[in-house]
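This report concerns the protein chain shown below. Please keep the sequence and the structure in view while reading.

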Amino acid sequence: MIEIIPPQSLGEWLAWASALVTILFGIICFFLPRTTYKILRLRTVEGVPEAVSESRATMAGFYLGVGILAIMFAQPFIWMALGAGWFFTALGRLVSIVFDRGNTLFNWISILIEAALAAGPLLYAFGYIA
């Protein structure tokens, strides 16, 4: 049986916080896909129900899967996967700012959030914060 051990150190708390926020994002994407699209400033096209399923499947599935497994197993490679996912999310947004004329306040705030969500698990997994 899997036993979930609560965080014991600052590094574990930072990694857990990232996982919990990831799970929260996954829950929002799963149960409130239209709200998710409003927050992300996206629109669906009438008559295309597959668009709504992208929030429930692709986005929520990844967020929930990685976030829940990170907490359940609490292993360095899983923390690395969670941190790398958020790191590349922030990197993709930065590339979009540079190449797609996405220099908006929304994108800069998002990068800060994504970088923070990447930093916690990566710093803990690589041993920079115990």
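The following paragraphs treat the overall fold, the core, the last helix, the pocket and the backbone angles in turn.

**Overall fold**

The structure is a predicted model. The chain contains 5 helices and 0 strands, and its elements follow one another from the N terminus as α-α-α-α-α. Along the principal axes, the C-alpha trace extends over about 50 × 35 × 20 Å. The chain has 130 residues, of which 32% count as buried. If contacts between residues at least 6 apart in sequence are considered, 66% of them connect residues at least 24 apart.

In soluble globular proteins, nonpolar side chains tend to be buried together. The largest nonpolar core of this model comprises 19 residues, and the members that touch the most others are A19, C29, A70, I71, W79, L82 and W86. At least two residues of this core come from each of α1, α3, α4 and α5. The greatest contribution to this core is that of α3, with 7 residues.

L82 illustrates how one of these core members is surrounded. When neighbours within four places in sequence are set aside, L82 is in contact with A15, S18, A19, T22, V66, A70 and P121. Two of these partners, A19 and A70, are themselves listed with L82 among the core members that touch the most others.

**Helix α5**

Does the end-to-end distance of α5 agree or disagree with its number of residues? At 1.5 Å a residue, the 21 residues of α5 should span 30 Å, and the end C-alpha atoms lie 31 Å apart, which agrees. The buried residues of α5 are N107, S110, I111, E114, L117, A118, G120, P121, L122 and A125. An α-helix has 3.6 residues a turn, so residues three or four places apart point the same way. The cover over the buried residues of α5 includes α1 and α4. P121, one of the buried residues of α5, is also a contact partner of L82.

**The largest pocket**

The largest pocket holds about 710 Å³ of space. Its lining consists of 21 residues, and those nearest the centre are L40, M59, Y63, R93 and E114. The elements that give two or more residues to this lining are α1 (10-31), α2 (33-39), α3 (50-73), α4 (76-99) and α5 (105-125). With 5 residues, α4 gives the most to the lining of the largest pocket. By type, the lining residues of the largest pocket divide into 13 nonpolar, 6 polar and 2 charged. E114, which lies among the lining residues nearest the centre of the pocket, also belongs to the buried residues of α5.

**Positive phi angles**

Most residues other than glycine have a negative phi, and most peptide bonds are trans.

| Residue | Phi | Location |
|---|---|---|
| G127 | about 85° | just after α5 |

Are R41 and A74 exposed or partly exposed? R41 has a relative accessible area of 61% and is therefore exposed, the cut-off being over 50%. A74, at 36% relative accessibility, counts as partly exposed.

Key:
Residues are numbered from 1 along each chain as its sequence is written. This is a predicted model: local features need pLDDT of at least 70, side-chain atom pairs count only at pLDDT 80 or more; totals for chains, interfaces and linings use all residues. Side-chain values use heavy atoms; hydrogens and water are left out. On a 1 Å grid over the protein atoms alone, a cavity is a set of points where a 1.4 Å probe fits but cannot get out, and a pocket is an open set with protein on both sides within 12 Å along at least five of seven lines; lining residues have an atom within 4 Å of a point. Grid points are joined across faces, edges and corners, and a volume is the space filled by probe spheres set on the points. Helices (H or I, at least four residues) and strands (E, at least two) are DSSP runs, numbered from the N terminus. Ala, Val, Leu, Ile, Met, Phe, Trp, Tyr, Cys and Pro count as nonpolar, Asp, Glu, Lys and Arg as charged, and the others, Gly among them, as polar. A nonpolar core is a set of buried Ala, Val, Leu, Ile, Met, Phe, Trp, Tyr and Cys residues joined through side-chain atoms within 4.5 Å. Buried means under 20% relative accessible area, exposed over 50%, partly exposed in between (1.4 Å probe, protein chains only). Contact means heavy atoms within 4.5 Å. The expected span of a helix is 1.5 Å times one less than its number of residues.
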